[in-house]
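Please look at the sequence and the model shown here before reading on, and keep both at hand while the text moves from one part of the chain to the next.

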Amino acid sequence: MKIDLTDTTASKVNKALVRGRRAIGTPAVGMVLTMVIVTDEENAYDSIKAAEEASHEHPSRTLVVIKRHTRNPRERTHPRLDAEVRVGSEAGTGETVVLRTYGEVSEHADSVVLPLLLPDAPVVVWWPTDAPENPAKDPLGALGQRRITDLYTAENPMEVLDARRRSYAPGDTDLAWTRLTLWRSMLAAALDQARAAVTSATVEAEADNPAAELLARWLEARLRVTVDRVVTEGPVVTAVRLGTADGEIVIDRPEGPLATLTLPGQPPRRLALKVRPTSELIAEELRRLDADEMYAVALRGEAGEEVPQHV
């Protein structure tokens, strides 16, 4: 069911949500969190689709904030809120409200979002593109326990990565880091099998890839070795090589969803290492809402304390 509201208020949006739930026979609110997506019209469709797919695992109320600018100069300062309320099959397993703000409403979008948050439920704020320089101090970001950005959408990802390091606050995370989960799991499993001290490390990836830089910093922090960066044609991270006294530990994925794991004294084996869609990355981030300490370690490139030689 879809309800369109023009020049409306947050109170009327809430009433439309109640009316929509009753119309489809589900008056009880069964969502476990509120997801706030701050995006533009160009990226709204893909972002909403990813959130709706993730809602099958995490039923949520999704609030999509799109700040609009009218072409008529006389109306640019006129405050207005348009909303599109989706419930039932139109919104995955939760509810979706698309909020289009104009004029002064865009400058105070948090005042519109705040009354629509689920009571006593966690809030996650996601910027698919154009994230603020300091997400934790952004008016919308301040509403969330978790704040998700994506370095892959930045024009200069390495500069933004350093800005993220300087502005990091508990609750921040980035999808460039989430994309490394399978790599990190396989590297940890490989080191558990090899049981040898790592003396050198290399990360091979396409140029200016933020996930590769985070992976290199994480390895430096956890293994206490210098990690060499080698530029390849990609796509994304193509290989990680860890040197030991017994030989190299190598995970090599030149292309496609399969990688090859090589351990000293053992035959190579094939591993599934696909590039996951955004919906899977968001679903993973919603499984834990506490601070991502390992992301902080990867951002800073330092563990802050002595750690054993395993990841």
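The paragraphs below treat the domains, then the sheets, and then the packing of helices.

The model is a predicted one, in which local features need pLDDT of at least 70 and side-chain atom pairs count only at pLDDT 80 or more, while totals for chains, interfaces and linings use all residues. Residues are numbered from 1 along each chain as its sequence is written, and side-chain values use heavy atoms, with hydrogens and water left out.

The domain assignment divides the protein chain into domain 1 (1-148) and domain 2 (175-270), such bounds being taken from an automatic or database domain assignment. The centres of domain 1 and domain 2, taken over C-alpha atoms, are separated by 39 Å.

An open sheet of eight strands has the order β1-β4-β5-β3-β2-β6-β7-β8, with mixed pairing. Helices and strands are DSSP runs numbered from the N terminus (H or I and at least four residues for helices, E and at least two for strands), and two strands pair if DSSP finds at least two bridges between them. Strands of a sheet pair through backbone hydrogen bonds, either parallel or antiparallel. At the edges stand β1 (2-5) and β8 (172-174), each with a single partner strand, so one side of each has no neighbour in the sheet. Direction ignored, neighbouring strands of this sheet are turned by 15° against each other on average. Strand β1 runs antiparallel to β4 (residues 80-87), and four bridges join the two; Asp4 stands opposite Glu84 in β4. Helix α1 (residues 10-23) packs on this sheet, where it touches β1, β3 (60-67), β4 and β5 (95-102), and its direction makes about 15° with that of β4. Angles here run from 0 to 180 degrees between N-to-C directions, and axes are lines fitted to C-alpha atoms, for helices over the stretch in contact; contact means heavy atoms within 4.5 Å.

A further open sheet, also of mixed pairing, has six strands in the order β10-β9-β11-β12-β13-β14. Its edges are β10 (227-231) and β14 (269-272), each with a single partner strand, so one side of each is left without a neighbour in the sheet. From one strand to the next the twist averages 20°. Strands β12 (residues 247-252) and β13 (residues 258-262) run antiparallel and are joined by three bridges, and Val250 stands opposite Thr262 in β13.

How do α7 and α8 pack, and at what angle? Helix α7 (residues 181-194) and α8 have axes 12 Å apart and pack at an angle of about 30°, and α7 and α8 are therefore roughly parallel to each other (angles under 35 degrees count as roughly parallel, over 145 as roughly antiparallel, 65 to 115 as roughly perpendicular and the rest as oblique). In this contact Arg184, Leu187 and Leu191 of α7 meet Leu215, Trp218, Leu219 and Leu223 of α8.

Helix α8 (residues 210-223) also has α5 (residues 157-167) beside it, with axes that come within 10 Å and cross at roughly 45°, which makes α5 oblique to α8. The contact is made by Pro157, Met158, Leu161, Asp162 and Arg165 of α5 together with Pro210, Glu213, Leu214 and Arg217 of α8.
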